[in-house]
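Visitor: I would like to learn how to read a protein model. Could we go through it one feature at a time?

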Amino acid sequence: MNEYRLPNAKQARFRNKTYQAPIIYDAVKLTDSQKKLGVNLNYHVITYGCQANVRDGEVISGILEQMGYTFSDALSKADIIILNTCAIRENAEKRVLGVIGSLQSYKRKKPEMVVGICGCMPQQEQMAQNIVAKYPIVELMFGTHNISSLPTLLENVLTTRKRNIEVFSALGSIYEDLPSVRQFRHKAFVNIMDGCDKFCSYCIVPYTRGQQRSRRWEDILKEVKRLKEEGYQEITLLGQNVNAYGKDLDQGCTFADLLEKVSDTGIRRIRFTTSHPWDFDDRMIDIIAQRDNIMPFIHLPLQSGNDEILKLMNRRYTSKQYKELFDRIKEKIKDVAISTDIIVGFPNETEEQFSDTLKMVEYCQYDNAYSFVFSAREGTPAARIEDSVSLEEKKRRLQRLNERLGYYSKLNNKKWEGQVVEVLVDGFSKTNPEIMSGYTPQQKLVNFSYDNAQIGAIIYVKITQGMKNSLNGVQVHPGKENHEQY
Ligand code: 5AD
Ligand code: SF4
């Protein structure tokens, strides 16, 4: 018989304020048969969406490799393809459904191939039912709460050739010590928490990722120290809302405290994302300002510059409060870069309300921004509002917004021309082997010509040109050569 366990929308909404998420150490313990299942077979994982999904994708790869599978770049060679999905906007979902459709030709040629789907899409009750009903090629489905069930589910699929669908809506647990294959050897994502309790009215994440669960600071620190020992130069602390770190635990460690502890490990570069402007306290700002290894870059989602819309969005700050926070950050953290997220076309947004967002952009002059047209997500409060604004009008607003955002990102990038910056080298340009690329402390992408740069090293680059989305430069060696070059 097929094994189905589908999510439940009502449960996904439920929160228990006194809940302490169980910590599960060593959640993936493979049986002898599971360890051999993938020997001589290939896997491919396609990850969509945010960094939390990227990190989950690394864990999925880690589990598959423990099962004996080998990574293959080519879909045609894969014996299992897993789509690790995102549900934040309809476009993201449509893309995945299109890919499932296109995998049918591979499956026809290789019927024993397993197609699996996981991540945020199957966490939604309707979507999970839809996939089960319309996409028989999907034999394996699991959710964000049970990645560690992958070996058992996959073994069942392979041995019985029955669909194994297991997605549950739970308050959630914390998993430690999961295997993983990290994307890079010099920079790493470190989850500090999962889930979100903010319930912004447009957002599906609190329903797909469950109640906020923070990892114990000791476990986070252990991971960071290990990464440092392994030679990692940069870590990014991940959470849907890092400022709220620790509020669900009795350990007396806030995000500011955590930043301090992580900074004390001496790892070269620390980043974090995402910050919610609400409860971004001054102590956090001070610690970022004081510590050289905490990078001067803050992603501070605005969403809207209009107070009525912010209220409808349930963002819990006003445009004035946002500006005050923005000013404090700019004032205290030297050379800080700030990026943002903005949604246009929230239901019934008027031209006037939209112009408040434009005014805010003129005020903040962001270094970088991600802008989106509102997408109704089933089950969220905003999706129930009847909307009078046409999609065409929303797209026009997005274009107008992007023009201003682009103007300021270029302006900010131009300011770096002539300066020497530190760059953590990521790799070679895809089109030109004489060019390498990497990021500055302010998270600016730099393409540069080099003489002896290595992937994973932190080197100096003199910026020659600032463009809208990146900087160009040339490697320099301050201190070693004469000052003219500097
Ligand atoms: N429609 C459009 N954009 C959204 N975001 C989240 N939910 C929606 C939605 N329903 C955007 C927000 C968030 C970013 C990750 O995605 O700007 O900060
Ligand atoms: Fe979504 Fe708001 Fe939580 Fe961010 S803080 S994940 S936008 S609900």
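Guide: Start with one pair of side chains. Glu 362 and Arg 404 form a salt bridge, and their closest N and O atoms are 2.8 Å apart. Keep in mind throughout that this is a predicted model.

Visitor: Where in the chain do Glu 362 and Arg 404 lie?

Guide: Glu 362 belongs to helix 14 (residues 351-364) and Arg 404 to helix 15 (residues 391-414). The two are 42 residues apart, and the pair links distant parts of the chain.

Visitor: Is Glu 362 buried, exposed or partly exposed, and what decides it?

Guide: The general idea is a pair of cut-offs: under 20% relative accessible area is buried, over 50% is exposed, and the range in between is partly exposed. Glu 362 has a relative accessible area of 30%, so it is partly exposed. Arg 404, at 22%, counts as partly exposed too.

Visitor: What parts does the salt bridge of Asp 194 and Arg 213 tie together?

Guide: The side chains of Asp 194 and Arg 213 meet at 3.7 Å, N to O. Asp 194 lies in strand 11 (residues 193-194) and Arg 213 in strand 12 (residues 213-214), so the pair ties together parts that are 19 residues apart in sequence. Arg 213 counts as buried because its relative accessibility is 3%.

Visitor: How many salt bridges are there in the whole structure?

Guide: A search of the whole structure finds 38. Salt bridges can also be linked in a network, as with Glu 349, Glu 351, Glu 393, Arg 396, Arg 397 and Arg 400.

Visitor: Now pockets. How much space lies in the second largest pocket?

Guide: About 630 Å³. After the volume, read the lining. It has 28 residues, and those nearest the centre of the pocket are Arg 55, Val 59, Tyr 175, Leu 178 and Glu 223. By type, the lining divides into nine nonpolar, five polar and 14 charged residues.

Visitor: Which element supplies the largest share of that lining?

Guide: Helix 9 does, with five residues. Helix 9 spans 217-229, and at least two lining residues each also come from helix 3 (51-66), strand 9 (174-176), strand 11 and strand 12.

Visitor: Which domains does the lining draw on?

Guide: At least three residues come from each of domain 1 (9-166) and domain 2 (184-295). The chain is also divided into domain 3 (318-414) and domain 4 (420-485). The C-alpha centres of domain 1 and domain 4 lie 38 Å apart.

Visitor: Is Val 59 buried or exposed?

Guide: Val 59 lies in helix 3, and at 7% relative accessibility Val 59 counts as buried. Distance in sequence and distance in space should be read separately. Val 59 and Ser 148 are 89 residues apart in sequence, and 9.0 Å apart in space from C-alpha to C-alpha.

Visitor: Last, the ligand. Which residues are around ligand 2?

Guide: They are Cys 196, Lys 198, Phe 199, Cys 200, Tyr 202, Cys 203, Val 205, Pro 206, Gln 240, His 276 and Arg 315. This shell divides into seven nonpolar, two polar and two charged residues.

Key. Residues numbered from 1 in each chain as written. Chains lettered and ligands numbered in written order. Predicted model: local features only at pLDDT ≥ 70, side-chain atom pairs only at ≥ 80, totals over all residues. Heavy atoms only, no water. Near = heavy atom within 4 Å. Nonpolar A, V, L, I, M, F, W, Y, C, P; charged D, E, K, R; others polar. Salt bridge = Lys/Arg side-chain N within 4 Å of Asp/Glu carboxyl O. Helix = DSSP H or I, 4+ residues; strand = E, 2+ residues; numbered from the N terminus. Buried < 20%, exposed > 50% of the residue type's maximum accessible area, 1.4 Å probe, protein only. 1 Å grid on protein atoms, 1.4 Å probe; cavity = no way out; pocket = protein on both sides within 12 Å on 5 of 7 lines; lining within 4 Å. Points joined across faces, edges and corners; volume = space filled by probe spheres on them. Domains from an automatic or database assignment.
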